[in-house]
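Let's take a walk through this structure, starting with its charged side chains and then moving on to its strands. Keep the 3D view open as you read.

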Amino acid sequence: MPDYREKLWPTPWAFIVTALVIPASILVLVPISLPAGIITAAVLYGGCVALLVLASPVVRVQNGELKAGPATISTHLVGEAVSFTKAEATQERGPRLDARAWLLIRGWIDPVVRVPIVDPTDPAPYWIISSRHPTELAAAINGSRTTNVG
């Protein structure tokens, strides 16, 4: 049975951008106390980094289940997964997006995988999942589907 695991880590620029809290904190607090500004800046940046890391979801295909962040579905309840990159991925996240779709997308990850839901009781017609390795994720989902069906 195919196994796949990917943690959707932020890109380095996300950590660089959040570093802007450092000079902002120091600038606001330096009239009161420079050490307080430095300590506050370090605590705020540490909190931002911790939130970025802790909020990074995991996408996993294992034992006939697809887990994307907080959501889990059996792979026998999904159709054929399709990967999209570049302009096609933008279309899937934008103009072609069904408002009922379940999304696990991250702005710093361009490619996506669309996973149709064949469960008639599920209100979502499909899932859109960000992935740095969309072809491998789609193959793992599709491979898990075939091993469950047979």
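Glu 88 is partly exposed, with a relative accessibility of 39%; on this scale buried means under 20% relative accessible area, exposed means over 50%, and partly exposed is what lies in between (1.4 Å probe, protein chains only). This is a predicted model, where local features need pLDDT of at least 70 and side-chain atom pairs count only at pLDDT 80 or more, while totals for chains, interfaces and linings use all residues. Residues are numbered from 1 along each chain as its sequence is written, and side-chain values use heavy atoms, with hydrogens and water left out.

So who does Glu 88 pair with? Its salt-bridge partner is Arg 96, with 2.6 Å between the closest N and O atoms. A salt bridge here is a side-chain nitrogen of Lys or Arg within 4 Å of a carboxyl oxygen of Asp or Glu. The general idea is simple: side chains of opposite charge can pair when their charged atoms come close. Arg 96 is partly exposed too, at 40% relative accessibility.

Now follow Arg 96 to another partner, Glu 92, where the N to O distance is 3.0 Å. Is Glu 92 buried or exposed? At 1% relative accessibility, Glu 92 counts as buried. Glu 92 also forms a salt bridge with Arg 114, at 3.3 Å from N to O. That pair ties together distant parts of the chain, since Glu 92 sits in helix α4 (residues 86-93) and Arg 114 in strand β7 (residues 112-116), 22 residues apart. Helices (H or I, at least four residues) and strands (E, at least two) are DSSP runs, numbered from the N terminus. Arg 114 itself is partly exposed, with a relative accessible area of 26%. Through shared partners, Glu 88, Glu 92, Arg 96 and Arg 114 end up in one salt-bridge network. The structure as a whole holds 5 salt bridges.

Next, the strands. Strands β1 (residues 4-7) and β2 (residues 58-62) run antiparallel and are joined by 4 bridges; two strands pair if DSSP finds at least two bridges between them. In this pairing, Tyr 4 stands opposite Val 61 of β2. β2 also pairs with strand β3 (residues 65-68), again antiparallel and over 4 bridges. There, Gln 62 has Glu 65 in β3 as its bridge partner. β2 and β3 make a hairpin with 2 residues between them, and Asn 63 in the turn has a positive phi of about 50 degrees.
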